[in-house]
Amino acid sequence: MSAVTVRACVAERGVDLALDLPEGTVSAIVGPNGAGKTTLLHLIAGLARPSAGTVAIGGREVAGPTRFDPPHRRHAVLLTQDTALFPHLDVLANVAFGPRAAGVAPAKARARALTELDAVGCAALASRHPHALSGGQAQRVALARALATDPAVVLLDEPLAGLDVAVAAEVRHSLGQRLRGRTAVLVTHEVLDIWTIADRVAVLEAGRVVETGSTSPLLARPTTAFLARLGGTNLLTGTASGHDSLELAPGVRLVGLADPDQPPNPGEPALAAVAPAALSLHLAAPGGSPRNVLAAVVTSIEPRGEVARVHLETAGQLLAADVTAQSVAELDLRPGLTVQAVAKATQVRVYGR
Amino acid sequence: MIRPALPRWVAVPAAAAAVFLAVPLLAMLVRVPWVRLPALLATPAALDALGLSLRTCVLTTAVSLVLGLPLALVLSRGRGRWASFGRILATVPMVLPPVVAGLALLVALGRRTWLGGTLASAGIDLAFTTAAVVVAQTFVAMPYLVVSVEGALRSARDRYDVVAATLGARPTTVLRRVTLPLVAPAIGSGAALSFARALGEFGATITFAGSLQGTTRTLPLEIYLQREVDTDTAIALSVVLVAIAALLVAATARLGRTGSVPS
């Protein structure tokens, strides 16, 4: 059964979304900026009104042509990057706010708040005020405050953005622990969040849901450039020319290992995934050996610490290769230069659509 | 960081301004018959005026809060022409000459007007009553509360209201537990300003409510009356007003300091 069903347009934001969120699973929402991710959360929370279509939570329509439930009647709680802890209340009162608003007696609400704070390791902060909390503590308190309302769905809008790396890791751990088994929607740009917190992924592009599925197959066999980039791999498209190869363009062939779960069908569209680190660049094609060699033109070079990411174009498709800074110098890589990108067949995964 | 210094010559007009503001107050304090002060303030007329002023100002502040807060809330959410119109309407009494305000009230609520007549036939007769004093004071003082609170509400970000609603709080709960507490300093200083403005009200009160000892003759009216007859009493009463004003200013400044909510 779907915990949340969205079939809704918001015309002024150019959004037309169709999405089902299964009960008890965390769905990650990814996509470029402006794809409609936050609008999706707002549609569920009651902060955006659909111009057409419906939104249902727990099988009950909360927004539709003749109905619009305000946020406080939806049991859909929103967590944002800016935690918005109430500055005039201490941590305990912040977490007890939801139960109190639902009519729970003060003592019982405080007890519940303490339990939730304890679950995120913040019980010791109960009497502090929000301004005396670090960013990570504030985010965990906000999580406790959200969960204390027993929400039907937890909506998270990039809760880890703006935290520094070490702190984000701790909060990510708390999120993963506390969200397990709940219905939640997590908007993120981080593949790490998807792996550690989400069970499913939905990709949004230009206001539409273009892909949904379970996390690992979707990241292992990306079908959109966005997912591939998110998963840190190159995505090449073409036509299957065999059971383990595809033709990117007439005469340009790529051989790899067929994915056993989704092998390509000869003559049909096929995809190939190859990690940027699996590519090496040469000025002349190396002889012999079962390798793939693609002639490619350098478009830009992006320094990334000890490696450089070289962006290339081959057969009209984009390709990224990670090479050492030393190689960049030795090959005298620069935009416009034609190079040979080489990949072992064992490092190319070929799959059907 | 050390800010670049102001040019030295600024000190001269600044000092002149400070002296200009301080001299009248100092002159009055010097002139106060301190020894006879208790006796001067204990006369029935003085006590009546003092008591009446305090009672009506407390009532005025209460009415301003009860009616002005909702108006500020509505105006702060308003957009477009009607909201701008409402904001102007709420500020006009602040800049209106008090005599004109009193005249306007007289024309609207006087005994011979339609509205006043209707009220009178319903048993509510405002003319020359303490209620008329409160009406006059509220008319000129409530705008201070409305403007102060509306400004604070408009500059407050709505993220707290949004989060409170998603946490399941009904609009009334959001208002009571989040929106109003967050603008509490502005409510406090707005109420203090309204109280101070009501305390000093003269023109609207004398025009609309008249000057009956014990009923409508507030402190400023009594001071005006005594000013030529008995200057010492007038000055003694004035000192009381100055003291209350000073207390209110100090309280508001304190509110501004301790009440500011970190974001």
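**Exercise 1. Find the domains of chain A and the distance between their centres.**

Chain A splits into domain 1 (2-220) and domain 2 (246-352), with bounds taken from an automatic or database domain assignment. Next, take the C-alpha centres: those of domain 1 of chain A and domain 2 of chain A are 39 Å apart.

A word on the model: it is predicted, so local features need pLDDT of at least 70 and side-chain atom pairs count only at pLDDT 80 or more, while totals for chains, interfaces and linings use all residues. Residues are numbered from 1 along each chain as its sequence is written, and chains are lettered from A and ligands numbered from 1 in the order in which they are written.

**Exercise 2. Describe the side of chain A that touches chain B.**

Start with the count: 21 residues of chain A contact 17 residues of chain B (C-beta atoms, placed from the backbone, within 7 Å). Then look for elements giving two or more residues to this side of chain A: they are strand E7 (76-80) and helix H2 (91-101) of chain A. Helices (H or I, at least four residues) and strands (E, at least two) are DSSP runs, numbered from the N terminus. Finally, sort this side of chain A by residue class: 13 are nonpolar, six polar and two charged. Here Ala, Val, Leu, Ile, Met, Phe, Trp, Tyr, Cys and Pro count as nonpolar, Asp, Glu, Lys and Arg as charged, and the others, Gly among them, as polar.

**Exercise 3. Identify how strand E18 of chain A pairs with E19(A).**

E18(A) and strand E19 (residues 307-314) of chain A are antiparallel, with seven bridges; pairing requires at least two DSSP bridges. Within this pair, Val298(A) is opposite Leu312(A).

Note on methods: Contact = placed C-beta atoms within 7 Å.
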